[in-house]
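The sequence and structure are shown below.

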Amino acid sequence: MKDQAVKLRELVDKLNSKNLVFDDNSEEDIIPKEEYKEFKKNARVITITSGKGGVGKTNITINLAIKLAQLGLKVIIIDADLGLSNVDIVLGKTPKYNLSDVINYRKNINDILEEGPYGIKFISGGSGLQDLIKISKDKLAHLLIEFGKLDQEADIVFIDTGAGISDKVMSFIYAAKEVIVVTTPEPTAITDAYALIKNIAQKDKTKNISIILNRVENSIEARNILEKIYQVCYKFLGLTICKLGFIYNDINISKAVKMQEPFIIAYEKSQAALNITDIARTLVRINHKEDEKKYGLRLFVNKLKWFFNT
Ligand SMILES: Nc1ncnc2c1ncn2[C@@H]1O[C@H](COP(=O)(O)OP(=O)(O)O)[C@@H](O)[C@H]1O
Ligand SMILES: [Mg+2]
């Protein structure tokens, strides 16, 4: 087998000679497909976001990831909150390295993966996400090869983002094929969620958008609100969104957060845990099989770089 550095050099030369530029409208990967013969599958990349902050994204991401792992899937979380990053706080672990260490050749992707419960793994984006803006072609090719390894390893990759319609957050949304928008029943949160969905729709009508309603008082309220959001998106945006599910307002979540333990483990019989189980099952059921070959983590990172620069 060729030395990895030599292989990489050849790849970069080839890229330069072909002058491949990533084009959002094509499905062309910056790295020619034949270089990836050894990579057989792609991960399902799902960005989790919200219009308003503090609606429960990080808690949902982690607990959903653990539930999916309990159901037998391999899940990786990428902490991409450029403001208050707190996947580590909810999991009670502090990562030693972040994406920047991979970009700058200090570590391999597997060295920066932190282990969580039930074999879930997480990566801290950290300053590495900023590095993407000015990344050189060599470094990007290297990063894509490293991410290609995760495509092999993971079934699902969750991107836990910050809230709002900032350029950076929107880039994470545009780059992923699937997006989960989290909202609460509060009118302000719903308005912000709708504004966010509208923004996504203006850019890409083919995006798979799902919605989770968090902190509901009862299932009737939940179903009514989900149906209303669904109808408004259909009528005014021409979008068919997926009602992924709802989660009760449950004191066990804040108790678990204080213990720095995921509620799905600390309170496995709680209402919130049951709701997460339903959501996990729905998420598995709506797997967009036809997308599997075309998307994946490498293409996500490649697109992300492109959106960061436009
Ligand atoms: N379903 C819920 N029931 C009760 N409290 C919740 C629920 N969801 C979230 N919370 C509370 O909201 C806080 C913020 O959640 P977090 O996941 O950090 O939100 P975000 O990532 O959107 O900023 C949590 O620390 C928790 O105390
Ligand atoms: Mg968060």
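## Packing of α8 against α9

In the contact between helices α8 and α9, Ile190, Tyr194, Ile197, Lys198 and Ala201 of α8 meet Ile229, Val232, Cys233 and Leu237 of α9. Two residues are in contact if their C-beta atoms, placed from the backbone, lie within 7 Å. By class, the residues of this contact are eight nonpolar, no polar and one charged; Ala, Val, Leu, Ile, Met, Phe, Trp, Tyr, Cys and Pro count as nonpolar, Asp, Glu, Lys and Arg as charged, and the others, Gly among them, as polar. The axes of α8 and helix α9 (residues 219-237) cross at roughly 35 degrees and come within 11 Å. Axes are lines fitted to C-alpha atoms, for helices over the stretch in contact, and angles run from 0 to 180 degrees between N-to-C directions. The crossing of α8 and α9 is right-handed, a crossing being right-handed if the near helix is turned clockwise from the far one by less than a right angle, and left-handed if anticlockwise.

The model is predicted: local features need pLDDT of at least 70, side-chain atom pairs count only at pLDDT 80 or more, and totals for chains, interfaces and linings use all residues. Residues are numbered from 1 along each chain as its sequence is written, while chains are lettered from A and ligands numbered from 1 in the order in which they are written.

## Isoleucine 200 in α8

Isoleucine 200 lies in helix α8 (residues 187-203). This residue counts as buried because 21 C-beta neighbours lie inside 10 Å; the cut-off for buried is 20 or more other C-beta atoms within 10 Å of the residue's own, exposed means 12 or fewer, and partly exposed lies in between, with C-beta atoms placed from the backbone. Leaving aside neighbours within four places in sequence, isoleucine 200 is in contact with Ile173, Val179, Lys207 and Ile209. Isoleucine 200 and valine 179 are 21 residues apart in sequence, with their C-alpha atoms 9.6 Å apart in space.

## Overall fold and core

The chain contains 13 helices and eight strands. Helices (H or I, at least four residues) and strands (E, at least two) are DSSP runs, numbered from the N terminus. Of the 310 residues in the chain, 44% are buried. Among contacts between residues at least 6 apart in sequence, 79% join residues at least 24 apart.

The largest nonpolar core has 87 residues, and those with the most contacts inside it are Ala65, Val75, Ile77, Val157 and Ile212. Such a core is a set of buried Ala, Val, Leu, Ile, Met, Phe, Trp, Tyr and Cys residues joined through C-beta atoms within 7 Å. Helix α2 gives the largest share of this core, seven residues. Beyond four places in sequence, the contacts of isoleucine 77 are Thr61, Ile62, Ala65, Val87, Ile120, Phe122, Phe158 and Asp160.

## Helix α13 and its partners

Helix α6 (residues 137-153) packs against helix α13 (residues 297-308) at an angle of about 145 degrees, with the axes 8 Å apart. From α6, the contact uses Leu140, Leu143, Leu144, Phe147, Gly148, Leu150 and Asp151, and from α13, Leu297, Arg298, Val301, Asn302 and Lys305. These residues divide into seven nonpolar, two polar and three charged.

Helix α7 (residues 167-175) and α13 also pack at about 145 degrees, with their axes 8 Å apart. Here Ser171, Phe172, Tyr174 and Ala175 of α7 meet Phe300, Lys303, Leu304, Phe307 and Phe308 of α13.

Isoleucine 135, in the loop between α5 (128-131) and α6, touches Ile103, Leu140 and Lys305, not counting residues up to four places away in sequence. Isoleucine 135 and lysine 305 are 170 residues apart in sequence and 8.1 Å apart in space, C-alpha to C-alpha.

## Surroundings of ligand 1

Ligand 1 is surrounded by 17 residues, of which the closest are Gly56, Lys57, Thr58, Asn59 and Ser254. A residue is counted here if its C-beta atom, placed from the backbone, lies within 6 Å of the molecule. Elements giving two or more residues to this shell are α2 (57-70), β7 (208-216) and α10 (251-259). The shell has five nonpolar, nine polar and three charged residues.

## Residues with positive phi

Most residues other than glycine have a negative phi. Arginine 215, in strand β7, has a positive phi of about 70 degrees. Arginine 215 is buried because 20 other C-beta atoms lie within 10 Å. Tyrosine 105 has a positive phi of about 60 degrees and lies in the loop between α4 (99-103) and β3 (114-115). With 14 C-beta neighbours inside 10 Å, tyrosine 105 counts as partly exposed.
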